[in-house]
Structure formats: structure tokens, C-alpha cells
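Visitor: I'm new to this. Could you take me through a close look at the protein chain?

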Amino acid sequence: MEHKTDSRPPRPTDAGAGQLAPAHLGDMLDSLSDGFMSIDRSWCFTYLNHTAEQYLQQKRENLLGREIWQCFPDLVGSDYARVYRQTAATGRPGRHTDYYAPLLTWFEVRSFAHDDGITVLFRDVTSEHEHEVQLEFEASHDYLTGLANRRKCMEVLSREVAEAASPGVTRGASLAVLFIDLDHFKEVNDACGHAVGDGLLRDFAKRLLAILEPAIFAARVGGDKFVLLLRNTTESAAEAFARAVLREFATPFEACGRSVSLSASIGIALLREAPESAETLLSHADTAMYAAKASGRFQVRMYDEALDRGMRDRLALRMDLGEAFAANQFELHFQPQIALADASPVGAEALLRWRHPERGLLTPWAFLDVLLESPYEEALVDWLLNAVCQHIGAWRRLGVPIPRISLNLSARQLLGVGLVDKILRIARAHGVSPAMLDIEVTEDSLVSNIEKATSVLAALKQAGISTSLDDFGSGYSSLGYLVRLPIDTLKIDRSFVQALADSEKASAVIRGIVGLARSLGMKTVAEGVESQPQVAELKDVGCDVIQGYLISRPLESGAFAEFMLRL
């Protein structure tokens with residue numbers, strides 16, 4: 001009789017009786033979604049179900065009767081093997097999840113002892129593990145830039161601070177936190193939209209990562225704020241690296257088909273000898289960053305204790321702003337502008353002051369950045385316009401000859417919704433002609449959104465309101481945007497005027513600015529004039545108007561009226 005080979009899968013052994021189990025048990029085990037394998041005391045396979053074949057990528061007939069360590073040598077010495085041997089030795093169930101590299105799979109295994117060896121149930125948990133990893137990544141990283149987020153930053157910083165305080169750590173090197181904040185980013189966001197702003201943040205992060213060494217930790221801790229953690233560094237090395245970061249970002253970014261210039265301010269805090277917490281170290285770096293921003297932006301500042309006093313002062317001023325508006329503590333002082341040709345008054349700049357009940361008379365240097373970062377920025381526009389028009393009305397009633405009055409607006413104020421309509425409405429309410437008003441803006445307030453700025457300036461001009469570009473020469477000074485802007489006056493930065501006595505280059509620069517202004521149909525005003533030699537030089541190069549202490553310091557309303565009546 002011819003013998004026929006049985007192609008059916010082997011039946012599992014009833015280990016307790018040493019006999020084959022009923023056929024239906026094999027069918028049941030094959031239907032399991034988990035892999036099932038039975039291993040005897042010699043570590044040889046005695047049974048594998050269909051799912052085990054799939055997971056192990058082996059036919060069971062190739063494995064049965066063979067030792068598991070021979071079939072899968074990578075298991076030797078692994079945690080899987082430890083769990084199997086522990087179950088075989090103690091009879092207690094075991095459980096373990098790990099990555100098995102040869103099969104590129106995460107397996108969860110559960111092992112159970114029986115009289116003749118062990119049984120293992122196992123399943124592929126790769127997708128679950130990847131999902132957990134993804135969730136953990138999302139919980140600890142910024143979705144926009146891929147950098148670590150604030151939570152992860154604090155975890156890493158806390159660990160580094162603890163390690164730095166441990167015995168045996170070299171004290172010659174230190175841990176440095178660099179707190180980076182983009183300058184004027186909110187203005188770019190407001191002007192260009194959040195989609196463009198998000199793109200710039202991604203580009204900023206890419207540029208940042210490109211210059212970082214692998215040992216430097218980077219995080220985005222919110223908005224336009226980033227943190228770098230430098231290990232085993234020194235104060236001079238940390239400051240040198242911060243300046244290298246600033247140099248890297250001096251190159252303009254591309255957004256919406258145009259070039260956008262961004263700058264940053266960086267504060268640095270070093271872990272000193274005294275124990276400090278991660279929160280304190282980050283707070284110190286944040287404080288130093290605000291000091292860098294207050295000192296002119298695009299700056300680096302190292303934390304010291306004096307900065308804390310400054311920050312407390314800033315916070316106190318911010319809390320006083322509401323009362324300042326309610327109690328009318330703000331006032332305007334006026335600095336005259338005189339034509340060089342005939343010494344006639346042609347205008348005056350309105351300069352904001354805060355008569356603080358405890359701190360006395362404060363100049364904008366002490367409080368303006370606090371005010372512009374507060375919810376009161378929009379209220380300031382209304383107050384400025386009303387105050388200027390009220391003063392003009394009062395002077396006219398006294399018979400004082402009224403020149404044109406200039407007032408300064410920030411980028412957000414200039415590009416805010418309905419600015420021109422607001423100016424015209426307030427001017428009409430006070431019976432003031434729009435031609436008596438001049439709006440001063442700085443270069444950096446225009447370049448973030450040159451198209452909108454051009455549109456607003458054109459609308460001001462059409463309404464009869466003149467415009468001046470303040471501090472010309474100290475910022476971008478790009479002919480590319482200047483020829484497009486409907487500006488009436490260029491104000492030459494005081495630094496060039498003050499350098500006239502010591503530098504021939506300053507005279508050449510001023511001569512160039514005057515020539516440029518004339519070619520574009522603009523007037524020029526030189527700021528910071530303090531001596532007759534400066535006047536002679538400015539007159540020689542063709543400057544139109546001067547402003548400075550030689551003519552007059554900024555004057556209160558009454559003193560300004562008397563000054564104008566004497567001319």
C-alpha cells in the first residue's frame with residue numbers, strides 16, 4: 001500500500017498526558033490572533049500556531065524539534081531569554097516587551113510554565129509602540145518647528161542642573177542657557193498673517209539647527225521664543241556663540257516672494273556655584289533677554305543681579321499703566337524745528353513724557369517698550385492724537401503761530417486698522433487741519449510689510465497728512481523700499497550729526513542723504529544739533545531743517561508757546 005505524506009499542521013501535544021491533544025485544539029490555536037509556541041525542557045519547539053509562523057517569518061515544519069536558540073541566535077542573552085529561563089526555573093509567569101531587531105518588530109511576550117517546558121504567547125505591538133512614541137514626541141516637541149517644547153526643555157534643564165550640582169563635576173566649565181526672542185516678530189505676524197509667520201518660525205528653526213553642535217539642546221518655548229542649552233561652557237564661550245547666532249540671522253528670510261529681515265535679542269544665564277533651580281536659571285536668561293531687547297535689540301546680554309531690579313521696575317511700571325491713563329499722567333513736550341535758510345519755525349516734534357507720581361518725569365526710554373508691549377498700545381494712539389490736536393487748538397486760541405506738529409507711531413500703530421480715518425475724525429473734532437499733522441515712523445517699522453506700509457502712507461498723503469522717516473541711516477536705509485514710499489521728510493539720525501566734528505565720513509554720509517532726499521522730492525531734518533559748527537556744516541551740505549538742544553530742549557506746552565511767540 002502506497003504511503004501518503006500528511007500535509008496537515010502538527011497537532012499540539014497534551015503536555016500533562018504526554019499525548020497529542022484533540023485535532024480541534026490545533027484549529028482553535030491557529031485561529032488565535034496571538035502567536036502561540038510550546039517549548040520543551042531542552043528548549044526545542046514542540047508546537048507553533050499559524051500566527052507564530054507569520055510573526056517569526058518561518059514555516060513551523062522548519063522549526064519543530066529544533067532548539068529555539070539555534071533557530072533564533074539573537075535571542076541568546078536577550079531580555080526575552082531571561083524571561084523564558086526565569087519562567088522555566090520558577091514556574092512563575094513572565095512578561096516582557098522589547099524590540100527584536102532581526103525581524104524589525106516590537107513583541108510583547110507572556111510565558112507560562114507547564115510540566116514539559118514552557119508555553120509562550122506573543123504579539124506584534126509595533127504599531128502601538130510607534131503610536132506611543134509619536135504621542136510622547138508630540139507631548140514633548142513643538143508641532144511647528146520639531147524642536148523640543150517648553151515641557152521637554154524644563155525636563156532636560158532640570159536634569160542638567162541636578163547633574164551639574166553632583167559631586168565630581170568639574171567646576172571650571174558651566175551650564176549656560178541662551179534665551180532667544182525674535183525682534184518685531186509680532187509686527188511681521190500682524191502685517192503678513194500667521195501662515196507667513198509660521199513659515200518664518202520654521203525657517204528660523206532650520207537655520208538655528210544648521211549651526212548647532214550635536215551636544216547643544218534647542219527648544220521653542222512659546223511664540224517667537226527659543227532656548228539653547230550649552231553644556232560644559234564658559235561665559236566668554238557662551239557669549240561668543242550667542243553673537244554667532246545673531247550673525248547667522250542677519251541674512252534676510254524669504255517670505256511670500258519678498259525679503260523679510262528679522263533680528264533677535266539673546267539673554268544668557270550661567271549656572272553659578274550656588275545651587276539654582278531650572279526655573280530660576282531660565283528666568284534669569286529671560287530677564288537678560290529683555291535687557292538685551294531694551295538696550296537696542298539685536299543684542300546679547302549676560303544676566304547679573306542688577307537686571308532683576310530692572311525687571312521689577314518694568315513690572316511695576318506695567319502695573320501702573322492703567323492708573324497713568326485714568327489719572328492723565330502722560331503729557332507731551334515739544335521740540336522746535338527751524339529752517340536753516342531763514343531760521344523760521346517750520347515744525348515741532350511732540351515727545352511723550354510720563355509724570356509718574358513716585359518716579360517723577362519719565363522719558364520714553366524708561367517706559368515706552370513696556371507700554372508698547374501692553375494692552376494699552378492702542379489707547380496710546382488715541383491719547384496722542386487727541387493731545388496733539390488739543391494743544392494746537394489751545395495755541396491757536398492764544399494767537400500762537402502754529403507750525404506742523406510731528407508725532408511718532410510704532411509699526412503696529414501705523415499698520416493698524418483704520419488709522420487714517422481715526423486721525424481725520426479726531427482732527428475734525430478739534431477743528432484742526434490734517435495739514436498741521438506729521439506722522440513719524442522708523443525704518444524698521446516699514447520693512448516687515450512694505451506693501452501695506454506704502455498703502456497707509458499714500459492714504460495719509462491723500463488726506464493731507466505729511467510723513468517723516470525717523471532716524472534715517474541708522475537702520476536698513478534701502479533704496480529699494482525708499483523709492484516706493486510716499487515720504488515727505490527724511491530725518492537724519494543724530495549719530496551722524498554728532499560725528500561731524502570727528503569724521504569726514506559723517507559729512508559725506510549726510511551729504512549723500514541730502515542729495516538722495518532731493519532727488520526723491522523729500523526734505524531733510526537733522527536731529528541732535530548742539531553746536532554752531534554743526535549748523536554751518538549742515539547748511540553747507542544743503543540740509544533743510546535742524547532740531548536739537550542748540551535751538552531748544554523739548555518744552556512743556558506753555559513754554560513752547562512762549563518760545564514760538566518770541567521768534
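Visitor: How many helices and strands are there in the protein chain?

Guide: The protein chain has 21 helices and 23 strands; helices (H or I, at least four residues) and strands (E, at least two) are DSSP runs, numbered from the N terminus. The chain is more spread out than a compact globule, because its radius of gyration is 37 Å, well over the 24 Å that the globule rule gives for 567 residues. That radius is taken over C-alpha atoms, and the rule is 2.2 Å times the number of residues to the power 0.38. Along its principal axes, the C-alpha trace spans about 135 × 55 × 50 Å.

Keep in mind that this is a predicted model, where local features need pLDDT of at least 70, side-chain atom pairs count only at pLDDT 80 or more, and totals for chains, interfaces and linings use all residues. Residues are numbered from 1 along each chain as its sequence is written, and side-chain values use heavy atoms, leaving out hydrogens and water.

So what about the inside? Of the 567 residues, 49% count as buried (under 20% relative accessible area, with a 1.4 Å probe, protein chains only). Look at contacts, meaning heavy atoms within 4.5 Å: among those with a separation of 6 or more, 61% come from residues 24 or more positions apart.

Over residues 1-7 pLDDT stays under 50, and the model has zero contacts beyond four places in sequence for them. Residues 14-19 also stay under 50, with eight such contacts.

Notes
Buried means under 20% relative accessible area, exposed over 50%, partly exposed in between (1.4 Å probe, protein chains only). pLDDT is the predictor's confidence in each residue, from 0 to 100.
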